[in-house]
Amino acid sequence: MSKILPALLLLAMCVQVIKPLGLPGLRQRRDFWKIAVFAIAVMMVTVLVRP
């Protein structure tokens with residue numbers, strides 16, 4: 001599971017650059033960085049939660 005999530009987020013960033021997803025906050029191609037910020041936040045939470 002820990003390797004699937006980054007792959008899905010990377011795929012979402014690539015799709016966003018090619019054709020915007022149309023979700024609120026992701027309506028333009030240049031909004032792909034928001035997905036990257038979300039990915040970094042998820043990784044930080046994962047590191048903090050692990051024992």
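Student: What makes I4, L8, L11, V15, L21 and L23 a nonpolar surface patch?

Tutor: Happy to start there, keeping in mind that this is a predicted model. A patch takes residues with over 30% relative accessible area and no salt bridge, and nonpolar side chains are joined within 5 Å. I4, L8, L11, V15, L21 and L23 together make such a patch, of about 530 Å². Take L23, which sits in the loop between α1 and α2: its relative accessible area is 46%.

Student: Why is L23 called partly exposed?

Tutor: Buried means under 20% and exposed over 50%. L23 has a relative accessible area of 46%, so it counts as partly exposed.

Student: And how do you know whether Q16 is buried or exposed?

Tutor: Q16 belongs to helix α1. Its relative accessibility is 0%, so Q16 is buried by the cut-off of under 20%. Beyond its neighbours within four places in sequence, Q16 touches L21, L26, R27, Q28, R29, D31, F32 and I35.

Student: What makes the pair K34 and D31 a salt bridge?

Tutor: The test asks for a side-chain nitrogen of Lys or Arg within 4 Å of a carboxyl oxygen of Asp or Glu. For K34 and D31 the N to O distance is 3.8 Å, so the pair passes the 4 Å limit. The structure holds one salt bridge. In general, side chains of opposite charge can pair when their charged atoms come close.

Student: Are the two partners buried or partly exposed?

Tutor: D31 is at 11% relative accessibility, so it counts as buried. K34 has a relative accessible area of 32%, so it is partly exposed.

Student: Which residues form the largest nonpolar core, and why is it called a core?

Tutor: The five are L9, M13, L26, I35 and A39. The name applies because a nonpolar core is a set of buried nonpolar residues joined through side-chain atoms within 4.5 Å. Helices α1 (4-18) and α2 (32-49) each give two or more residues to this core. As for the chain as a whole, 14% of its 51 residues count as buried.

Student: What is listed for residues 32-49, and how does the model look there?

Tutor: An unreviewed UniProt entry lists residues 32-49 as "transmembrane region". In the model, that stretch is 100% helix and 0% strand, with its end C-alpha atoms 26 Å apart. Across the protein chain, the secondary structure comes to two helices and zero strands.

Definitions and conventions. Residues numbered from 1 in each chain as written. Predicted model: local features only at pLDDT ≥ 70, side-chain atom pairs only at ≥ 80, totals over all residues. Heavy atoms only, no water. Buried < 20%, exposed > 50% of the residue type's maximum accessible area, 1.4 Å probe, protein only. Helix = DSSP H or I, 4+ residues; strand = E, 2+ residues; numbered from the N terminus. Contact = heavy atoms within 4.5 Å. Patch = residues over 30% accessible without salt bridge, like charges linked within 9 Å, V, L, I, M, F, W, Y side chains within 5 Å. Areas by Shrake-Rupley, 256 points an atom, 1.4 Å probe, with all protein chains shown as cover. UniProt positions renumbered as here; feature names shortened; annotations may be inferred.
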